[in-house]
Amino acid sequence: MLEQRRRRGRRHRNRADRPRSEQLADFGIRQFELDVFADPDGGLYANRAANPVVGLPVESGEPALDEPGFKVLHTQDFDYATTCLTLVACLGEIDTWSADHPNHLPIVVLVELKSLSVPEAAAEEGIDLTIDLPWAVPVETTAEVLGALDAEVRSALSPERLLDPDEVRGDAASLTDAVEGIGWPELADTRGQVVVVLNDAGAQRDLYIADTPVLEGRPMFTSSTPGAPDAAFVRFDDPTDPSLDAATSAGYLIRTRTDSPTVDARENDTAKLDAALAGGAQYLSTDYYEPSTYFDSPYVVMLPGGAIARCNPVTAPASCSPELLAE
């Protein structure tokens with residue numbers, strides 16, 4: 001049984017509640033999700049197209065948005081409320097904190113590359129957006145864009161802190177052979193490291209693995225499917241999915257969600273949270289590591305006793321001790 005599979009961790013999305021270093025240090029967050037937008041020339045998201053509707057200026061006044069590189073935004077043209085506006089800045093903050101706390105449990109960063117405009121995203125949700133504004137047109141995801149994303153990940157995270165697919169695969173023929181046959185590296189060998197995942201299981205993932213099905217030379221893992229050559233990390237949004245615990249027991253690193261956006265928290269419905277805590281996923285995904293300030297509900301996600309991590313209830317052997325899972 002592998003140490004890394006005995007650990008449970010919480011995460012937080014890229015909303016502008018608290019800086020990442022504060023979430024890491026004070027709340028024990030060990031997973032983040034970053035919504036990123038390609039901006040190779042710079043300035044694509046410097047203006048906030050929706051602001052005139054509420055009488056606010058269009059210009060953001062943020063110099064970082066004028067520079068080339070991937071931007072971290074909650075919703076382009078509407079909501080720029082993030083604590084770091086660029087991917088390099090977000091990862092750099094994590095890298096700095098990691099260097100200062102070299103014994104920390106592995107941190108997972110899910111990078112979700114956005115490519116829909118506001119009207120396109122609204123249409124996907126069945127919303128008829130009739131407001132005619134100069135909406136930003138996102139850059140199409142191409143092999144070149146993914147290559148640039150790889151470059152930014154490597155530039156922002158020190159090599160000794162980035163745990164990449166080559167290191168996990170080792171001499172195995174594929175990632176799935178490695179994790180099912182050998183497992184992820186021992187926890188003692190992954191303390192102080194960061195795992196970055198391309199958070200897409202569709203066309204972007206297909207493009208990312210097109211030239212390297214086992215992710216050779218890539219800095220990011222993929223959100224894959226058990227048994228696929230690139231499979232080491234698997235995402236189950238539903239904690240009650242009957243395949244989740246089997247995938248955990250097979251050796252995969254699993255992320256699941258404790259709640260749907262705002263719905264469960266508003267109603268203080270802990271059914272999904274209870275299922276996630278009882279299951280085998282190593283990382284639990286939530287927006288509510290502390291109670292919301294936007295609505296009146298006591299809903300909050302914490303591991304028992306406020307721990308950063310605990311022994312996995314599905315895969316941990318009897319010898320697993322919570323004291324081994326500090327930091």
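C84 is buried, at a relative accessible area of 6% (buried means under 20% relative accessible area, exposed over 50%, and partly exposed in between, with a 1.4 Å probe and protein chains only). C90 is also buried, its relative accessible area being 0%. The two residues are joined by a disulfide with an S to S distance of 1.9 Å; a disulfide is a pair of cysteine sulfur atoms within 2.5 Å. The link of C84 and C90 is right-handed, with 105° about the S-S bond.

The structure is a predicted model, in which local features need pLDDT of at least 70, side-chain atom pairs count only at pLDDT 80 or more, and totals for chains, interfaces and linings use all residues. Residues are numbered from 1 along each chain as its sequence is written, and side-chain values use heavy atoms, with hydrogens and water left out. The protein has a mean pLDDT (the predictor's confidence in each residue, from 0 to 100) of 90, and 95% of its residues reach 70 or more. Residues 1-16 have pLDDT below 50, and this stretch has 103 contacts in the model beyond near neighbours in sequence (contact means heavy atoms within 4.5 Å). Where pLDDT is low, the predicted coordinates should not be read in detail.

The protein has 2 disulfides by the distance rule. C311 and C320 form a disulfide with sulfur atoms 2.2 Å apart, and both residues are buried. This disulfide is left-handed because the torsion about its S-S bond is about -90°. With bonded cysteines counted along the chain, the pattern is 1-2, 3-4.

R266 counts as partly exposed, because its relative accessibility is 48%. Leaving aside residues up to four places away in sequence, R266 touches F295 and S297.
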